[in-house]
Amino acid sequence: MKAGLASIFLVSCGAALDIGSKAWARASLEAYGPPIEFLPLVPLRLTFNTGVSFSLLSSDSDVGRYILIAVTGVIAAVIAVWLYRSRGWQRVGLSLILSGALGNLLDRTARGSVTDFLSLRIGEWEPFVFNLADVWITVGAAILLIASSLQSPDAAAEGPRVR
């Protein structure tokens, strides 16, 4: 039960940090304005993404928005069930992924788009803008990959344990 409470805490804190940081960005930064220096490779630049990662499946229509909300909701529900059945580092990775999915889902539901404000800069090239939810999802996926590669072949053959 302690692991379940820790997962709920991690999901809640991750989603809250994401939502709070997006609210700060919308209140403090100029939309589509020039980048503001923040970290050496990460300037701040406020944008709004109506699609998914890298603005794929971008849609300005209400129908497109509702489809993205529904698909994201279903994916979040599947991840929540998987999280409930998981253990160890897999649970940590899934908790981070779920917190990011919920942060972006709530933002898209409330505003029609996802607020992005952290830009990656490599020299003069800025390939994409992201948010904390994207960081949680990426770190969570990396943890899942590492945890699965470190898992013993016998444990992998058994599959996930259902409680």
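Mentor: Two strands pair if DSSP finds at least two bridges between them. Strands are DSSP runs of E, at least two residues long, and helices are runs of H or I, at least four, all numbered from the N terminus. This is a predicted model, where local features need pLDDT of at least 70, side-chain atom pairs count only at pLDDT 80 or more, and totals for chains, interfaces and linings use all residues. Residues are numbered from 1 along each chain as its sequence is written, and side-chain values use heavy atoms, leaving out hydrogens and water.

Trainee: What makes β1 and β2 a pair?

Mentor: Strand β1 (residues 36-39) and β2 share 2 bridges in the antiparallel sense, and at least two are needed. I36 sits opposite L44 in β2.

Trainee: Why is the contact of E37 with R121 called a salt bridge?

Mentor: The term asks for a side-chain nitrogen of Lys or Arg within 4 Å of a carboxyl oxygen of Asp or Glu. Here the closest N and O atoms are 2.8 Å apart, so E37 and R121 qualify. The partners lie 84 residues apart in the chain.

Trainee: How do you know whether E37 and R121 are buried or exposed?

Mentor: Buried means under 20% relative accessible area, exposed over 50%, partly exposed in between (1.4 Å probe, protein chains only). E37 has 53%, so E37 is exposed; R121 has 16%, so R121 is buried.

Trainee: What about D107 and R111?

Mentor: Their closest N and O atoms are 3.9 Å apart, so that's a salt bridge too. D107, at 5%, is buried, while R111, at 44%, is partly exposed.
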